[in-house]
Amino acid sequence: MPTYRDEAIVLRTHKLGEADRIITLLCRRHGKVRAVARGVRRTSSKFGGRLEPFSHVDVQLAVGRSLDVVTQVESLHHYGDALVADFALYTSGETMLEVADRLMAVENEPSQRQYLLLQGALRVLGQGTSDGPRPASMVLSSYLLRSLAAAGYAPVLDSCARCGLGGPHEWFAPAAGGMVCSSCRPPGSARPDRACWELMSALSAGDWPATRGVDAHVEYRTAGLVSAFTTWHMDHGLRALQMVPHG
């Protein structure tokens, strides 16, 4: 069988038979790939511990009929090591993996941007930003906004998402696509204060210096808006997101 090699992040695993697992990978060059890791659940397996969620690996795969087959794995980094002792960090990381899996709906469709966004977000979650540490929920909000934008679901933050009238406007409606004017706002729209709008814009751009010293209440309200926007644009609710603590 022909083989190929790639860098990848393990998104999730499923048991297959008595000793195998199906591994879902987000690869740098090959997009989302589901592959069988044979005998990986046996204690004698050479690479069982390298194929757990959050693992960053160099993997070789053989092309199969329905699923590819893992033939070799080298561990590059395990991002989960820095997250397991902290509930907020771990659930935020789990949400990132789930979102990446959902956004990459078509297998074997390359998206280096989604790969790099996930890798960078997991690194920042465990090690801190280039401007110092930030709350887990803030790092998650930035990842959600940027990964959704890469998938074509960027929230409108500078004009009305419905009529296009230049902003700023006072209202935010996930179902409408972001900022809306008073004439277009649907029932149930949120009314963020200026600090929330500024934080959302900074997180969308990955501008960490602009998030310095943000009030905890502002971060809490902004995380709620981002969560609502994300949930709306996913086909189903995100299980991990419901567990992420805010505030």
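Student: How do the axes of α1 and α2 cross?

Tutor: The axes of α1 and α2 cross at roughly 175° and come within 10 Å. That makes α1 roughly antiparallel to α2; the label is for angles over 145 degrees, with under 35 being roughly parallel, 65 to 115 roughly perpendicular and the rest oblique. Axes are lines fitted to C-alpha atoms, for helices over the stretch in contact, and angles run from 0 to 180 degrees between N-to-C directions. Helices (H or I, at least four residues) and strands (E, at least two) are DSSP runs, numbered from the N terminus.

Student: What am I looking at, and how are residues numbered?

Tutor: This is a predicted model, where local features need pLDDT of at least 70, side-chain atom pairs count only at pLDDT 80 or more, and totals for chains, interfaces and linings use all residues. Numbering starts from 1 along each chain as its sequence is written, and side-chain values use heavy atoms, leaving out hydrogens and water.

Student: Which residues in α1 meet α2?

Tutor: On the α1 side, Leu-89, Ser-92, Gly-93, Met-96, Leu-97, Ala-100 and Leu-103 meet Gln-114, Leu-118, Ala-121, Leu-122 and Leu-125 of α2. Contact means heavy atoms within 4.5 Å. By class, this contact has nine nonpolar, three polar and no charged residues. Nonpolar covers Ala, Val, Leu, Ile, Met, Phe, Trp, Tyr, Cys and Pro, charged covers Asp, Glu, Lys and Arg, and the others, Gly among them, are polar.

Student: OK, strands now. How do they run in the barrel?

Tutor: Five strands make a closed barrel in the order β1-β2-β3-β5-β4, with mixed pairing. Two strands pair if DSSP finds at least two bridges between them. β1 (residues 3-16) and β4 (residues 55-62) pair in the antiparallel sense over seven bridges, and Ile-9 has His-56 in β4 as its bridge partner.

Student: Is Phe-54 buried or exposed?

Tutor: Phe-54 is buried, at a relative accessible area of 2% (buried is under 20%, exposed over 50%, partly exposed in between, with a 1.4 Å probe and protein chains only).

Student: And what about Asn-108?

Tutor: Asn-108 also has a positive phi, near 60°. Asn-108 lies in the loop between α1 and α2 and counts as partly exposed at 47% relative accessibility.
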